[in-house]
Amino acid sequence: MNSLAWVKRSLLCLLALSLCKVVVPTGFGQDAKPEASKPEAAKPEVAKSEKAYDELPVKADWEIRNRDKREVSVVNSAIRERESNVKQVVQGMKALDSMQAEFDEYFNAYVFPRWTQKELIEDPKQFNFLALERKRLFNNYLQKCAALSSEDKSVHPHLVDLTLAKCTEIARGNYHPASRFTAMLVIADLNSQDKTVGSNNPVVPLAKALPLMIDEFNNPQQIDAVRVACLVGIMRHVSLDAGLPAGRRAIPDELRGRINTMALAIVNQKDRPETRSVDGHAWLQRRSDRKSTRLNSSHIPLSRMPSS
């Protein structure tokens with residue numbers, strides 16, 4: 001994703017979070033100034049949560065909390081060494097088969113667990129921590145291994161599946177709302193095929209992420225922050241699919257029916273939840289109306305849409 005698209009996505013999500021009364025950490029999504037016409041989004045609520053949230057455990061050897069400076073230096077050295085090995089796999093310099101345990105451990109026991117640490121999320125010194133971590137995941141790892149040509153083609157789908165599994169766990173768990181939102185936003189941006197330099201291949205969003213996002217949006221126990229990210233992701237899938245020739249569109253009719261039913265339910269919802277602001281509810285309805293319009297105009301008539 002290029003820098004302009006990243007800024008636009010961050011601003012959109014910051015606006016959505018603030019409209020839905022979600023407490024956002026200092027610096028979250030502040031890649032650029034919000035629109036002046038959106039004063040509510042320009043001044044999101046910044047606060048430290050008092051609620052107890054779960055954390056994914058970081059590997060004990062890589063945990064820097066409650067250590068002195070000398071120990072932290074040793075731990076950071078070990079982390080850098082593992083990161084170097086992982087990057088060599090991503091760049092095709094080492095085979096995934098010989099490094100898979102170490103590769104998986106780096107993400108499952110270090111990268112993603114840090115996304116759930118309240119101190120990092122809410123510490124002003126860790127400015128924009130989650131947004132930068134998300135960008136780092138895509139730029140340094142997912143897009144790098146997608147660019148491999150003659151090297152190991154299994155790295156990208158393996159990392160995509162690993163990311164999908166861990167981010168699903170975070171989005172559904174009792175973790176910090178900003179962690180859960182970020183995890184679902186990552187799922188929304190996952191591709192089975194990325195556009196790479198020198199290639200004319202189009203971006204292909206990860207097909208199995210779409211039903212997951214629909215399920216989580218419809219989950220009555222899910223928080224609004226995650227539902228916003230689901231809506232952003234579903235809109236992305238619909239928009240990319242609409243840009244394909246009719247014979248190559250990938251979203252099956254069953255999922256199109258579920259999306260259409262979901263969108264119409266939001267548009268027609270009269271009573272908003274108490275946890276959602278008036279503007280936030282209106283925003284969700286506008287996005288859903290746009291999604292339904294794009295879906296129906298790009299594929300099959302509403303009368304032929306299967307019900308969910």
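The legends below describe an overview and several close-up views of a predicted model. In this model, local features need pLDDT of at least 70 and side-chain atom pairs count only at pLDDT 80 or more, while totals for chains, interfaces and linings use all residues. Residues are numbered from 1 along each chain as its sequence is written, and side-chain values use heavy atoms, with hydrogens and water left out.

**Figure 1. Overview of the protein chain, with 12 helices and 2 strands.** Helices (H or I, at least four residues) and strands (E, at least two) are DSSP runs numbered from the N terminus. Read from the N terminus, the order of elements is α-α-α-α-α-α-α-α-β-β-α-α-α-α. Of the 308 residues, 49% are buried (buried: under 20% relative accessible area; exposed: over 50%; partly exposed: in between; 1.4 Å probe, protein chains only). Among contacts (heavy atoms within 4.5 Å) with a separation of 6 or more, 67% are between residues 24 or more positions apart. The accessible surface is about 15,100 Å², and carbon and sulfur atoms contribute 51% of this surface. Accessible areas come from the Shrake-Rupley method with a 1.4 Å probe, and for residues only the protein chains shown count as cover.

**Figure 2. Contact of helix α3 (residues 69-90) with helix α4 (residues 96-114).** The two axes come within 9 Å and cross at roughly 125 degrees. Axes are lines fitted to C-alpha atoms, for helices over the stretch in contact, and angles run from 0 to 180 degrees between N-to-C directions. The pair α3 and α4 is therefore oblique (under 35 degrees counts as roughly parallel, over 145 as roughly antiparallel, 65 to 115 as roughly perpendicular and the rest as oblique). The crossing of α3 and α4 is left-handed (near helix turned anticlockwise from the far one by less than a right angle; right-handed if clockwise). On α3, the contact residues are Ile79, Arg82, Glu83, Asn85, Val86, Val89 and Val90; on α4 they are Leu96, Met99, Glu102, Phe103, Glu105, Tyr106, Phe107 and Tyr110. By class, this contact holds 10 nonpolar, 1 polar and 4 charged residues (nonpolar: Ala, Val, Leu, Ile, Met, Phe, Trp, Tyr, Cys and Pro; charged: Asp, Glu, Lys and Arg; polar: the others, Gly among them).

**Figure 3. Contact of α4 with helix α7 (residues 155-172).** The axes of α4 and α7 cross at roughly 25 degrees and come within 11 Å; the two helices are therefore roughly parallel. Their crossing is right-handed. From α4, Leu96, Gln100, Phe103, Asp104, Phe107, Asn108 and Phe112 meet Val155, His158, Leu159, Leu162, Thr163, Lys166, Cys167 and Ile170 of α7. The residues of this contact comprise 9 nonpolar, 4 polar and 2 charged.

Figure 4. Of the 10 residues in α9, 7 are buried, namely Ala209, Leu210, Leu212, Met213, Ile214, Glu216 and Phe217.

**Figure 5. Two residues in the loop between α2 and α3, alanine 52 and asparagine 66.** Alanine 52 is exposed, with 63% relative accessibility. The C-alpha atoms of alanine 52 and asparagine 174 are 8.8 Å apart, and the two residues are 122 apart in sequence. Asparagine 66 is exposed at a relative accessible area of 84%. Although not a glycine, asparagine 66 has a positive phi of about 60 degrees.
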